[in-house]
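Here is a friendly walk through one protein model, to be read with the structure open beside you. Take each section in turn and look up the residues as they come.

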Amino acid sequence: MLPNPGIYYLPWEVAGGHVPDGGTLRTFGRLCLYDMTRSRATLTAQHGSDQHQVLVGTELVEPFQAQAGSLYVVLGDLEHQAGGGSMVKARVLTCVEGMNLHLLEQAIQKQRLYQQERGNSSTKHTLTCSLDPQSC
């Protein structure tokens, strides 16, 4: 049986705890740190004046050519850490340097609206959280 394809979550939704534990997700960010000894990477994304970080476990995608400062898309499963916070256990980690982030965010929002109109209940909470974070 194949794993779920993953719902797109914006990095600030992942960092803000709006993704259910064990949920399969896709997100993106700039690689700011890669610790190959611990098999962990940190992706960052700017949203307004805030910078958000997403911790990524890379043990399933190693070895990979880490390019600090480049844009990456990650597909994986979210695991909550014992000391608080969460980590995306990556199944796919792809460098997408040159991708237009504004267009990606617009595409994610349009996909959510379409899925909400079609009655897909799994994205209704995501859409609500991205439009009004206080409601989550």
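## The second largest pocket

The lining of the second largest pocket holds 8 nonpolar residues, 6 polar ones and no charged ones. In this count Ala, Val, Leu, Ile, Met, Phe, Trp, Tyr, Cys and Pro are nonpolar, Asp, Glu, Lys and Arg are charged, and the others, Gly among them, are polar. A pocket here is an open set of points on a 1 Å grid over the protein atoms alone, where a 1.4 Å probe fits and protein lies on both sides within 12 Å along at least five of seven lines; lining residues have an atom within 4 Å of a point.

The lining comprises 14 residues, and Ala15, Gln53, Val54, Leu55 and Ser86 lie nearest the pocket centre. Two or more lining residues come from each of helix H1 (11-15), strand E4 (50-57), strand E5 (71-80) and strand E6 (86-95). The pocket volume is about 160 Å³, taken as the space filled by probe spheres set on grid points that are joined across faces, edges and corners.

## About the model

This is a predicted model, in which local features need pLDDT of at least 70 and side-chain atom pairs count only at pLDDT 80 or more, while totals for chains, interfaces and linings use all residues. Residues are numbered from 1 along each chain as its sequence is written, and side-chain values use heavy atoms, with hydrogens and water left out.

## Overall layout

Of the 136 residues, 37% are buried, meaning under 20% relative accessible area with a 1.4 Å probe and protein chains only.

## An aromatic cluster

How many aromatic pairs does the structure hold? There are 2, counting Phe, Tyr and Trp rings (for Trp, the six-membered ring) with centres within 6.5 Å.

Ring pairs link Tyr34, Phe64 and Tyr72 into a cluster. Phe64 counts as buried because its relative accessibility is 15%, and Tyr72 does so at 2%.

## Ser70 in its loop

Ser70 sits in the loop between E4 and E5. Is Ser70 buried or exposed? Ser70 is buried, since its relative accessible area is 9%. Beyond neighbours within four places in sequence, Ser70 is in contact (heavy atoms within 4.5 Å) with Gly29, Arg30, Leu31, Cys95 and Glu97.

Notes: Rings of Phe, Tyr and Trp (its six-membered ring) pair if their centres lie within 6.5 Å; planes under 30 degrees apart count as stacked, over 60 as edge-to-face and the rest as tilted. Buried means under 20% relative accessible area, exposed over 50%, partly exposed in between (1.4 Å probe, protein chains only). Helices (H or I, at least four residues) and strands (E, at least two) are DSSP runs, numbered from the N terminus.
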